[in-house]
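Please keep the sequence and the coordinates at hand while reading.

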Number of protein chains: 2
Amino acid sequence: MTETAKRRPGPRIEEVARVAGVSKSTVSRVINDEQYVSAKAREAVHAAIAQLGYSPNQAARSLAGNRANAIALVVSEPTGRVLSDPFFAGVLRGIHSELAGRHMQLLLMMSQPADTGDLVTYLSSGHVDGALLVSLHGDDPLVPMLAEIGLPVVSGGRPLGTTVPFVDADNFTGALEAARHLASLGRKRIATVAGPKDMAVGADRLSGFKRGLSEARLSADLVEHGDFTPESGAKAMELLLCKAPDLDAVFVAADIMALGALQVLHAQGKRVPEDVAVVGFDDSVFAATATPPLTTIRQDVEELGRTMTWRLLAELAGEHGLPPSLLLPTSLVVRSSA
Amino acid sequence: MTETAKRRPGPRIEEVARVAGVSKSTVSRVINDEQYVSAKAREAVHAAIAQLGYSPNQAARSLAGNRANAIALVVSEPTGRVLSDPFFAGVLRGIHSELAGRHMQLLLMMSQPADTGDLVTYLSSGHVDGALLVSLHGDDPLVPMLAEIGLPVVSGGRPLGTTVPFVDADNFTGALEAARHLASLGRKRIATVAGPKDMAVGADRLSGFKRGLSEARLSADLVEHGDFTPESGAKAMELLLCKAPDLDAVFVAADIMALGALQVLHAQGKRVPEDVAVVGFDDSVFAATATPPLTTIRQDVEELGRTMTWRLLAELAGEHGLPPSLLLPTSLVVRSSA
DNA sequence: ATGAAAGCGCTAACAA
DNA sequence: TTGTTAGCGCTTTCAT
């Protein structure tokens, strides 16, 4: 570093106070929406703020208030895979819309297993008021460590084997519906490309699927796991076709994996849905433009992001009696593939 | 708010100083990698930091240092569309890897046209030291406003009609190669699904494409624009087929749009590549598992993210003679679709 | 090469 | 309802 960047920001709170004809405290009260401020004073302060183009210094607020005014979005995925997923994009939009208008910044952090310790140190040092967790895997040491330091946390997606508050889609019921739909079509040899074994989303969708098949008195032995990438969906589909060339339906536990599965089906000359019916999960942006358009289970990921954020902020605000976990509904969307 | 969240973080700099047997100043110097610290003192401080699990309070650092120690990633896209794009995911990974180990946080901000003013006020108030811009559209008022307040900025992707520093893939050359490849296959009626008209990436890829066709003495009149969504790719493909049922090749200016285009081609009974050859752009995660696997132009988006970040940090560090803009190479990846 | 002291701009008691 | 007074934890002169 040859020289360090410095910025000389605009007006301070003191100038706002002067222009408004009140004290710094009053300005602070207005900024923080506190009570005990006369309408007149409030108005004057707002006018002064607008006139001067004032924006409070977050660093000073955090320091004095012993509050970071920021939350972290922790993406715990070694490969950053989830970032490419429309799921993540939707969640991000939801988080953002819930944060809009509040004086809260969103810090993006990616957690590699190697530096989980650093991350925890950072998060425990008051830089953020809470954290949103996404794409948690079963064995992630992050959750217990965060629990230990007492940082308020909400997970997007049920975490395996831990008890932090979470918001999730009703994956079980969604997968159940998928299986029922395929069974109702008269399919008898129904396979599934399941999600990762070490994630609840994988386990839950698989459970729902199995339940649906057992309802229909069908065997649920055709199971291959993928990791929410198109490649893994393709590989799993190849394996399934190899083991059961006669399969007539497949539930792929994520649209993004269904893309790969569809490719393999085409490559092997299977017609969709005539020979093999396919149901996905998510109703992501790829479902409608898949070849053929994908029948899938819809979940509202933006709502998921909003709900996670609401839950975390409510906890930060000291609200009591908050539900430890929330399940969002899913629904079947029928297109051409099944 | 019934109650406000507060956190009582770990050790302060003072305790580190005590344990290390030096003054706060010395600890500060070590933290900031300054000169004039004896090896002995440095060592003692590092030991103390490790022993106490100390992490400096960013708010205090920013306040005292008149520096935010943070940069913003501004996604200027009304719909948040770009978030779902593997392009964005890659850029994010690149940014993150370049930031790793530096004491810099990444703030994620989404800019809606409606609140550009608020955003600019925020950015100009010293909350961040600089900004990375992504997915800039031609008419975005953000860029001139940012230029005016003098915030260091680097754009990912060439901005239209403004002169901020940027890093971009060599879109022109990439598209040129795509066109040449299709021409070299003997295709005569070559169409293109171009990117948005109001983005340089759209214009540049279209220019390269046209140049390639003119080299081959072919007409480049079959042009439809999309907006980097699969749906738009499908719609553009339909239009092209309607206008020119005899087309035998198409260059789709983004893999993510090619997904939609491929669906339409299949639906209309066109075999790929026998009847219509398809070349995409990006070599995103979808290219290899498209139906059929997509021949495409590869760009290294992670490198793009790293380079943008490097460029911004170098400027913040006061380095001189930095290139105003940088172009990253692209390359043709041949798969089955062309 | 190191330490002492003075703030950075704000919020949070407390007093009025 | 409002103003006054201390800090929040760090960086940064300025001495030494």
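**The DNA-facing surface and the backbone**

The surface near DNA strand D is made up, by class, of 11 nonpolar, 9 polar and 7 charged residues. The model is a predicted one, and the values below are computed from it. In total, 27 residues surround DNA strand D, and the closest are S25(A), S38(A), R12(B), I13(B) and Y54(B).

Helix 2 and helix 4 of chain A, along with helix 2 and helix 4 of chain B, each supply at least two residues of the surface near DNA strand D. The largest share, 4 residues, comes from helix 4 of chain B. Several side chains of chain B can be followed to the phosphates of DNA strand D. For R61(B), an N or O atom in the side chain is 3.1 Å from a phosphate oxygen of DNA strand D. R67(B) places a polar side-chain atom 3.0 Å from a phosphate oxygen of DNA strand D.

DNA strand C is surrounded by 26 residues, and the closest are R12(A), I13(A), Y54(A), R29(B) and Y36(B). Sugar or phosphate makes up 62% of the atoms of DNA strand C within 4 Å of the protein, and the rest belong to bases. The surface near DNA strand C divides into 11 nonpolar, 9 polar and 6 charged residues.

At the phosphates of DNA strand C, I13(A) takes part through its backbone: a polar backbone atom of this residue is 2.5 Å from a phosphate oxygen. Y54(A) uses its side chain, with an N or O atom 2.5 Å from a phosphate oxygen of DNA strand C. In the side chain of R61(A), an N or O atom is 2.9 Å from a phosphate oxygen of DNA strand C. The elements that give two or more residues to the surface near DNA strand C are helix 2 and helix 4 (58–65) of chain A together with helix 2 (24–31) and helix 4 (58–65) of chain B.

Helix 2 of chain A also packs against another helix. The axes of helix 2 (residues 24–31) and helix 3 (residues 39–52) of chain A come within 10 Å and cross at roughly 85°. Helix 2 of chain A is therefore roughly perpendicular to helix 3 of chain A. In this contact, T26(A), V27(A), V30(A) and I31(A) from helix 2 meet A41(A), R42(A), V45(A), H46(A) and I49(A) from helix 3. By class, the residues of the contact are 6 nonpolar, 2 polar and 1 charged.

The backbone of chain A has some local features to check. Most residues other than glycine have a negative phi, and most peptide bonds are trans. S135(A) is not a glycine, yet has a positive phi of about 65°; this serine lies in the loop between strand 3 (130–134) and helix 7 (142–149) of chain A. The peptide bond from V272(A) to P273(A) is cis, with omega near 10°, and P273(A) sits in the loop between helix 11 (255–267) and strand 9 (277–282) of chain A. The bond from T291(A) to P292(A) is also cis, with omega near -5°. P292(A) is in the loop between strand 9 and strand 10 (295–299) of chain A.

Last, confidence. Chain A averages a pLDDT of 90, and 96% of the residues score at least 70. Over residues 1–8 of chain A, pLDDT stays under 50.

Methods
Residues are numbered from 1 along each chain as its sequence is written. Chains are lettered from A and ligands numbered from 1 in the order in which they are written. This is a predicted model: local features need pLDDT of at least 70, side-chain atom pairs count only at pLDDT 80 or more; totals for chains, interfaces and linings use all residues. Side-chain values use heavy atoms; hydrogens and water are left out. Axes are lines fitted to C-alpha atoms, for helices over the stretch in contact, and angles run from 0 to 180 degrees between N-to-C directions. Angles under 35 degrees count as roughly parallel, over 145 as roughly antiparallel, 65 to 115 as roughly perpendicular and the rest as oblique. Contact means heavy atoms within 4.5 Å. Ala, Val, Leu, Ile, Met, Phe, Trp, Tyr, Cys and Pro count as nonpolar, Asp, Glu, Lys and Arg as charged, and the others, Gly among them, as polar. A residue is near a molecule or strand if one of its heavy atoms lies within 4 Å of it. A polar contact is a pair of N or O atoms within 3.5 Å; within protein, one must be able to donate a hydrogen and the other to accept it, and residues adjacent in sequence count only if both atoms are side-chain atoms. pLDDT is the predictor's confidence in each residue, from 0 to 100.
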